[in-house]
Amino acid sequence: MTLELQDMNIGLSLVEIIDYLGTFAFAISGLRLASQKQFDLYGAAVVGMVTAVGGGTLRDLMLGLVPFWMTQWSYIAVVMLALILFTFFHRHFNHIAGTIFLFDTIGLALFTVVGFQKTLDAGYAWWAAILMGMITGAVGGVIRDILINEVPLIFRSDIYALACIAGGLLYSICLWLQIPIIMAQLGCAITVVVIRLLAVRFHWQLPILKE
Amino acid sequence: MTLELQDMNIGLSLVEIIDYLGTFAFAISGLRLASQKQFDLYGAAVVGMVTAVGGGTLRDLMLGLVPFWMTQWSYIAVVMLALILFTFFHRHFNHIAGTIFLFDTIGLALFTVVGFQKTLDAGYAWWAAILMGMITGAVGGVIRDILINEVPLIFRSDIYALACIAGGLLYSICLWLQIPIIMAQLGCAITVVVIRLLAVRFHWQLPILKE
Amino acid sequence: MTLELQDMNIGLSLVEIIDYLGTFAFAISGLRLASQKQFDLYGAAVVGMVTAVGGGTLRDLMLGLVPFWMTQWSYIAVVMLALILFTFFHRHFNHIAGTIFLFDTIGLALFTVVGFQKTLDAGYAWWAAILMGMITGAVGGVIRDILINEVPLIFRSDIYALACIAGGLLYSICLWLQIPIIMAQLGCAITVVVIRLLAVRFHWQLPILKE
């Protein structure tokens, strides 16, 4: 957790819990798609792992940092736990789809905040931080879709990455207005969650680019 | 522009214009394919962005540098401008296909020169510079094709990346003969443009690898 | 070879030979699939190159190092040699399929050892070294399959990457027991080779993740 969240000003233990729940939910989304493609346990483990940590890994490589999970074994442990639970109880995961979706959504919010903050701390501009917050949240799913040989889902449907961008924009405005950082982070996270929930509830879609 | 072109010896303002025109044309090629795949505006923006800056990003990561666009917002602005213009005037883009192709070709030439020079400046050998010049010019289109879930176009048809390699070879020979760097750069760029134009005009193809 | 193998304690010339044979065999696997997809010579060269050096490249980027082949032209030369031989003698490659498979297997073993050792030398934990050993051996094939637009083979069949993980585990145990490093490396390599051979001989498969 050190590398990833050391600069967060929210109480660490709550943030840790959210971070692991989000990692778990992202991994489950990878496992579910891997199982639809008849992947074996190894393939599923890779897709789950990549979905969970792929966004943060690309962000860290672009920032010139070591990928956060390489110095912290707990992320891999969470993905392995997800694999074991999904293998034995996959039927039950349908009953808790709502719970998993909730974990996924607050995970997305936290990943956005962490990606934004880490980019600012590395000395980049606010607009680069918005992009890195979005990359942290959304790129894992894109690599997942490449690995299962599908067109990335978020390129064709749903407001997903835009929620991260909106959160990052609010974060930037808060910092510009010199609002305390803890408020900026909370505002960013809430923005991501609310937009994502509304988008799913009301089937918000972006216009298709016509040819 | 600082990071990307600071070491170029051609007049900066002309190079800047070419760089932005090339970025614009690369983005349009991504937007066109994204629209054929019914991507939404977000998906199209990502594909356009990746097509335009993907090659330079991979090059910078391999050279241990920060991706050039992360310290210079203008590249993202050019891609957003391409997205707006394509969204509203996509029909007109068919009428200026020749112009776009020209931008694309001189963009390819400039990207090759920049990739070559940046690699030499980072202390690598001439053959690594040739490869990085090619990667700068050609990898954006490869990642674009992966994102739209197609086999990369340049693996099956057309002389494209070979034009970059030929340009890089000439650049290397010029440096070996101690020809002034501005001449080497111009020679490299002209080689890329001429080979690319001839390849399209006369349908030059590489042999298919038979099984 | 300097960067890649400088920390190996096995005699360099034998290791060099194995390294080049492995690179050659990996490149051939890429060329074979590229030819099935009707790629042209350039596309085949890229797929062969990526198959051979893709795993080590991702490992080096994650470790914050320069990709090993960028300071050593011999890897590219080996891939070009494979391309030339495959182009002219592709029919004969069917007759030596067993030999190529053997090269591939000992190459996989060596790549695992090198990836493990390089990660330890860079200061990471044993479990990160196991993952990097596996990434060095297995990721080239995954990127190959993405480039030819197929679902990665190792996600659906065969014990392949697991052999690397088993080898890395043994390596870790040997280091923990303070067994001399040369023995640990040999044990790791033999583990990879034996598991891979047994897996192919007896059609070992991992369970499919059911939905």
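**Exercise 1.** Leaving aside its neighbours within four places in sequence, which residues is C:Glu150 in contact with?

*Before you start.* This is a predicted model, where local features need pLDDT of at least 70 and side-chain atom pairs count only at pLDDT 80 or more, while totals for chains, interfaces and linings use all residues. Residues are numbered from 1 along each chain as its sequence is written, chains are lettered from A and ligands numbered from 1 in the order in which they are written, and side-chain values use heavy atoms, with hydrogens and water left out.

*Solution.* 
- Step 1: find the residue. C:Glu150 sits in the loop between helix H6 (126–147) and helix H7 (161–176) of chain C; helices here are DSSP runs (H or I, at least four residues), numbered from the N terminus.
- Step 2: list its partners. With contact taken as heavy atoms within 4.5 Å, C:Glu150 touches A:Asn149, C:Lys37 and C:Asp145.
- Step 3: look at C:Lys37. Its side chain makes a polar contact with the side chain of C:Glu150, at 2.7 Å. A polar contact is a pair of N or O atoms within 3.5 Å; within protein, one must be able to donate a hydrogen and the other to accept it, and residues adjacent in sequence count only if both atoms are side-chain atoms.

**Exercise 2.** Why does C:Glu150 count as partly exposed?

*Solution.* 
- Step 1: recall the scale. Buried means under 20% relative accessible area, exposed over 50%, and partly exposed in between (1.4 Å probe, protein chains only).
- Step 2: C:Glu150 counts as partly exposed because its relative accessibility is 37%.

**Exercise 3.** Describe the interface of chain C and chain A, starting with its residues.

*Solution.* 
- Step 1: count residues. Chain C gives 30 residues to the contact and chain A gives 30 residues.
- Step 2: take the area. About 2,500 Å² is buried between chain C and chain A, and carbon and sulfur atoms give 72% of that. Buried area is the accessible area (1.4 Å probe) that two parts lose on being put together, summed over both.
- Step 3: check the polar links. Five residue pairs are in polar contact across the interface of chain C and chain A (both at pLDDT 80 or more).
- Step 4: see which elements take part. On the side of chain C that touches chain A, helix H3 (41–62), H6 and H7 of chain C each give two or more residues. The largest share, eight residues, comes from H6(C).
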